[in-house]
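Biologist: Can you take me through this one? I would like to go slowly.
Modeller: Fine, here it is.

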Amino acid sequence: MGKVKVKFFSHLRYATGMKETDMEIDDGEMLIKLIERLIQKFGSNFEDRIKDKETGTLAPFLIMVGQEEISSVNGDLNHRLSNGDVVSLLDPVGGG
Amino acid sequence: MWEYGGYAGKFLRLDMTNKKASTVPLTKEMARLHLGGNGFGAKILYNELKPGIDPLGPENKYVFASGPIQGTMVPTAGRSGVFTKSPLNGLFFDAYGGGSFGPEMKYAGWDAVIVEGQAESPTYVTVYDDKVEFKDASHLWGKYTFETQEIIKKDLNEPKAQIACIGPAGEKLVRFACTIWGARAAGRGGNGAVLGSKKLKALVIRGTNDVEVPNVDEFLKTVSEQYAKILANPGTGKALPSLGTPGVTTVQNQLGILGTRNWQTEVFEGTEKISGTAMRERLVVKDKGCMACPIYCTKLVHVKSGPYAGTIDEGPEYETIFAFGSNCGVDSLEMIAKADRLSDDIGVDTISAGAVISFAMECYEKGILSKEEVDGLDLKFGNQEALIQMMHKFGTREGVGDLLAEGAARAAKKIGKGSEKYAITIKDIENAGHSPRGMKGYCLGMATSTRGGSHQDGRPTGERVGKFDRKILDGKPEYAMGTQRTTTLQDSMCVCRMTEGIYGLTEVTNDHLNMINVVTGMNLKLPELVDITDRIWNVERSFNCREGARREHDVQAIRFMTEPIPDGPSKGMYSPKDELEMLKDKYYELRGWDKTTGIPTKDTLKRLSLNKQAEDLYK
Amino acid sequence: MTMLLIAADRCTGCRMCELVCPLVHEGVFNPDKSRIWIEFEGMPELFHPNTCRSCGKPPCADACPTEPKSIYRDEKIDGGMKILEDVCIKCGKCIEACPFAAIDWHPTKKTPLVCDVCDGDPECVKFCSPNALLTGGKSTLAAEMRKDYVGAQIAKTREKILK
């Protein structure tokens with residue numbers, strides 16, 4: 001057992017109503033499992049903001065574990081998390 | 001319906017010198033080879049401008065152009081473009097704005113309006129379908145853009161008219177003045193100064209004609225599918241409707257690629273205060289969409305307290321938050337909203353205005369500009385009051401405003417004393433709010449693009465959302481060319497950049513193709529469409545080469561090639577010259593351009609049926 | 001029973017309704033031929049949609065001088081108005097009578113241009129991404145607007161708790 005801090009950016013904050021939250025993790029829990037648990041915790045409003053509703057797959061966005069950047073579409077979502085990790089969920093906005 | 005669906009089938013030519021209007025028929029060949037928008041603008045200017053002319057002289061021309069989709073309900077069809085030889089760098093420049101202006105032009109029966117010559121006194125032009133009148137605008141000269149539009153609508157009793165106009169900055173030939181319609185701006189490249197030089201204060205358009213597509217049922221099927229895709233996509237269906245582009249601010253900072261204090265660093269300690277969420281909570285009063293847009297990324301804001309109370313503004317967008325916020329060291333959204341509203345009213349591009357001020361701030365802090373030289377202002381980073389005073393000077397050209405109204409690159413040349421390296425410009429265009437140092441593909445895409453410091457040809461999105469690894473060089477020449485192809489195509493259709501993730505970030509797709517075919521009935525094939533985008537890109541490139549642009553101009557700002565990002569998550573990243581040159585070799589090869597000169601090869605031009613360009617460049 | 005209802009607060013002014021309406025009615029794009037439109041005012045522009053309110057006792061029909069009435073309610077649909085183009089004498093009485101200024105002239109036919117709720121399945125609703133346009137009975141609108149109100153209260157409470 002351990003704990004990670006999950007930080008939300010952009011509209012994921014708007015959807016969750018918070019900038020960050022602590023999540024308990026199993027030893028060596030995979031990043032993808034954490035994302036699935038976050039979807040369970042925050043519901044469809046959160047899910048619709050990271051998954052394409054038509055295809056049901058994760059939209060492209062960056063996830064940072066510490067300073068390491070992991071792509072939601074071609075990065076290693078089986079990355080094993082450790083106690084004390086800070087996981088940042090950026091968001092899939094184009095434009096600017 | 002004209003030969004193809006979507007088009008009106010003719011261009012309007014406005015001769016400002018003789019106050020005469022004439023019609024130019026659109027040919028089927030022009031539509032099939034150059035598509036619209038960007039394609040039309042590039043083709044018209046290449047054919048009609050002599051090389052070497054003064055952008056602010058009577059020989060320059062200014063083209064408003066729409067694509068085949070304007071006037072229809074293809075999502076984001078509210079957009080349209082303006083094209084001219086830029087007063088900032090003397091090269092081809094295209095800028096786009098949303099709202100309803102482009103569609104109204106189409107309903108009036110025009111695919112493009114070509115403005116040429118120079119009037120003797122302030123003039124505005126009204127276009128009611130095919131009825132054109134040149135009118136005296138002396139009572140409008142000097143007026144802000146919002147007031148100008150209100151006066152015209154009232155005078156003409158035409159609440160539905162769409163009005164493109166310039167503010168005091170355009171009149172005073174500020175080199176980064178823009179064109180405003182509604183509260184939208186065709187922002188970049190200084191096109192407002194070109195209208196100012198022609199003394200055209202406003203172009204008023206009202207149209208009552210039909211726009212048609214060949215098969216309504218097929219059209220509705222394709223549009224419904226795309227509409228559903230837009231709503232299902234987290235970016236366009238959720239993020240942009242909630243926060244608009246300002247949502248990106250915290251993401252940029254978290255990656256360490258948020259331009260700060262004139263790009264001295266790329267992390268900003270005040271980011272939380274200027275974030276999209278902060279804006280939504282404190283200032284947003286209404287969501288707004290451009291015509292035919294389901295994404296509604298525009299946020300109407302109202303500042304209710306503090307020194308900027310009473311400011312009502314459409315926007316600010318992310319770019320503006322970067323330009324007046326982090327890059328000027330300011331952490332007040334209220335001041336940013338005020339500066340944004342002033343930009344629209346005075347008629348300047350927010351990105352360049354912010355960049356010019358941040359340039360002056362760095363010069364001031366480094367002792368290159370004295371307090372006397374900046375009219376007694378304490379022009380330190382973060383000084384909000386001084387920033388707002390500088391904005392007003394762009395509308396009057398008073399004091400230091402006159403020097404800075406020339407743009408950062410020209411101002412630096414006048415100031416000297418090593419200030420050139422603080423002018424963060426690419427091809428003399430001030431850099432937009434994305435990091436060439438922190439994204440390798442974007443860096444190359446920008447350096448090789450016609451527009452230089454704009455973020456609209458090299459694109460940051462693919463790298464920022466992690467579809468492509470922003471830190472590696474592998475595959476980046478392909479990425480740069482791919483993004484440029486999609487931007488060229490989007491700008492020629494013309495659809496908004498917010499749909500790039502729907503149509504395809506780095507390649508011409510069947511989604512682009514189907515939409516164009518269902519609107520026009522042209523029955524194009526995918527390879528033909530790729531050729532169209534490459535043709536348009538090479539017309540632009542040929543325009544610039546004819547003006548003397550070469551391989552050595554495809555570079556980044558000095559700071560980006562010499563100073564690594566000093567701290568934050570992207571610490572150490574930069575774009576050394578030799579690395580950029582190596583990427584350029586490969587890129588030119590992909591493009592079919594001569595590696596020594598950077599000019600498209602004769603074979604490339606001929607393959608794209610650009611025989612005139614081949615003759616001009618290989619005399 | 002289908003009425004076209006407007007939750008004006010949610011409208012983003014995108015004019016998608018003005019585009020799809022003439023397309024499905026006349027096969028062309030032309031906002032001047034739309035039976036629903038956005039009214040813009042001021043700078044920066046504020047805006048709200050306007051269209052037939054499906055009045056229970058339509059003053060436009062009362063005002064129509066022809067026999068039979070050339071503007072009438074189709075009882076099967078229970079919303080919007082129908083026009084008998086051949087009977088209509090183009091007098092404009094219905095336009096004068098509408099308390100919402102929601103009827104306009106058709107620019108070429110010169111008959112009244114008024115919403116017919118697409119015979120019960122309004123196309124504009126399908127392309128209104130902010131859900132400012134709804135179909136249903138009058139209670140639908142009240143229920144929808146309550147949703148906005150309750151949503152705002154929940155958000156406020158959440159903000160208080162988290163602060």
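**One helix, then the chains**

Modeller: The buried residues of helix 24 of chain B are covered by elements that include helix 17 (440-447), helix 19 (476-493) and helix 23 (558-562) of chain B. This is a predicted model, where local features need pLDDT of at least 70 and side-chain atom pairs count only at pLDDT 80 or more, while totals for chains, interfaces and linings use all residues. Residues are numbered from 1 along each chain as its sequence is written, and chains are lettered from A and ligands numbered from 1 in the order in which they are written.

Biologist: Which residues of helix 24 of chain B are buried?
Modeller: B:Leu580, B:Leu583, B:Lys584, B:Tyr587, B:Tyr588 and B:Arg591. They sit on the same side of helix 24 of chain B, because they cover an arc of only 140 degrees around the axis. That arc is taken from the directions from the helix axis to the C-beta atoms.

Biologist: And which are exposed on the other side of helix 24 of chain B?
Modeller: B:Asp578, B:Asp585 and B:Glu589. Buried means 20 or more other C-beta atoms within 10 Å of the residue's own, exposed means 12 or fewer, and partly exposed is in between, with C-beta atoms placed from the backbone.

Biologist: How far apart are the end C-alpha atoms of helix 24 of chain B?
Modeller: 20 Å, which agrees with the 21 Å that its 15 residues (577-591) should span at 1.5 Å a residue. The expected span is 1.5 Å times one less than the number of residues. Helices here are DSSP runs of H or I with at least four residues, strands are runs of E with at least two, and both are numbered from the N terminus.

Biologist: What follows helix 24 of chain B?
Modeller: B:Gly592, with a positive phi near 75 degrees.

Biologist: New topic. What domains does the assignment give chain B?
Modeller: Domain 1 (10-206), domain 2 (244-429) and domain 3 (435-617). Such bounds come from an automatic or database domain assignment. Between the centres of domain 2 and domain 3 of chain B there are 27 Å, taken over C-alpha atoms. Their contact takes 19 residues from domain 2 of chain B and 23 residues from domain 3 of chain B. Two residues are in contact if their C-beta atoms, placed from the backbone, lie within 7 Å.

Biologist: How many helices and strands are in chain A?
Modeller: 3 helices and 5 strands. Along the sequence they follow the pattern β-α-β-α-α-β-β-β. Of its 96 residues, 42% are buried.

Biologist: And how many helices and strands does chain B have?
Modeller: 26 helices and 17 strands. Of the 619 residues of chain B, 67% count as buried.
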